[in-house]
Amino acid sequence: MPDAGARVRELRALESLAAGRTAVHRLHPLAKLVASLVFIVTVASYGRYDFIRAAPYLFYPFIMMALSESPYKLLLSRVLIALPFCLFAGITNAILDTTAAFTLGGVTVSLGIVSLATIMLKMYLCVMAALILVATTPLTELTAQLRRMRAPSVFVMVFEMTYRYVGVLLEEVRSMIIAYRLRSGKKKALEMKHMGSFAGHLLLRGFDRAERVHAAMCCRGYSLKHIPPARRRIKPSDIIVMLIVCVPSVLLRVVPLY
């Protein structure tokens, strides 16, 4: 079983990045949120054979990571989590769609391979944009801005509860693994015959911990109907940065380069 402690540390490391002091961190949450949404929507709207047209969008993650001083290795490790899902979705195209697309160095590349590469590229761009948004914006500011934008309250609640509770659940897994190892002598790995009992106890502990987490949030004034006021107004510089991202993203989608 993967080291739950390492997963907790990775999650906290990603969240700690939002406390940075770079120019990207100081941008208004509305500007970063709108820019990220426009970027993701335009990238996702490309067809399955539009690899060359989608490639110029690589400018966004590399520039934003450089400006925000975000560690590429940490963000890439989170992107790799979505890799198997994209491979399963695109490998079928690579197998079934064998129509020749072009020849490169004497090797014929099929449309299925192009489709697979496009899916992988779109996945990388969309997930990286979302990670950069989370890594440069505290979760409280992000969810507060979503409420001010009148996003569905259920969506906001699921987003923040999932983000917060994943770390709590991993802590429960970590403590249970430590207890299992202490009681199993020299055995370090969780045996298959104990998986059912382990999962059942984790489910019960998870329910109990979730109730306590929700009660603590309610005691601190958490409410789906409360829309927190903005701490600061959006400045012209925030709007300019937002337009610098949104306008090229839309133009690349509307006006083909070839």
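The model is predicted: local features need pLDDT of at least 70, side-chain atom pairs count only at pLDDT 80 or more, and totals for chains, interfaces and linings use all residues. Residues are numbered from 1 along each chain as its sequence is written, and side-chain values use heavy atoms, without hydrogens or water.

I begin with the interior. A nonpolar core here is a set of buried Ala, Val, Leu, Ile, Met, Phe, Trp, Tyr and Cys residues joined through side-chain atoms within 4.5 Å; buried means under 20% relative accessible area, exposed over 50%, and partly exposed in between, with a 1.4 Å probe and protein chains only. The largest such core has 31 residues, and Phe39, Tyr57, Leu75, Leu125 and Met128 have the most contacts inside it. At least two residues each come from helices H2 (29-44), H4 (59-68), H5 (72-79), H7 (111-136) and H11 (236-254). Helices are DSSP runs of H or I, at least four residues long, numbered from the N terminus. The greatest contribution, ten residues, is that of H7. A second, separate core has seven residues, among them Val173, Met176, Ile177 and Tyr180.

I turn now to the salt bridge, defined as a side-chain nitrogen of Lys or Arg within 4 Å of a carboxyl oxygen of Asp or Glu. By this rule the count is one. Arg212 and Asp208 form a salt bridge, with 3.1 Å from N to O. Both residues lie in helix H10 (residues 195-219), four residues apart, about one turn of the helix. Asp208 is partly exposed, because its relative accessible area is 39%.

Finally, Val250 lies in helix H11, and at 37% relative accessibility Val250 counts as partly exposed. Val250 belongs to a nonpolar surface patch that also includes Ile234, Leu243 and Val255, with about 630 Å² of accessible area for the whole patch. Such patches join nonpolar side chains (Val, Leu, Ile, Met, Phe, Trp, Tyr) within 5 Å, from residues with over 30% relative accessible area and no salt bridge; areas come from the Shrake-Rupley method with a 1.4 Å probe, and for residues only the protein chains shown count as cover.

Definitions and conventions. Patch = residues over 30% accessible without salt bridge, like charges linked within 9 Å, V, L, I, M, F, W, Y side chains within 5 Å.
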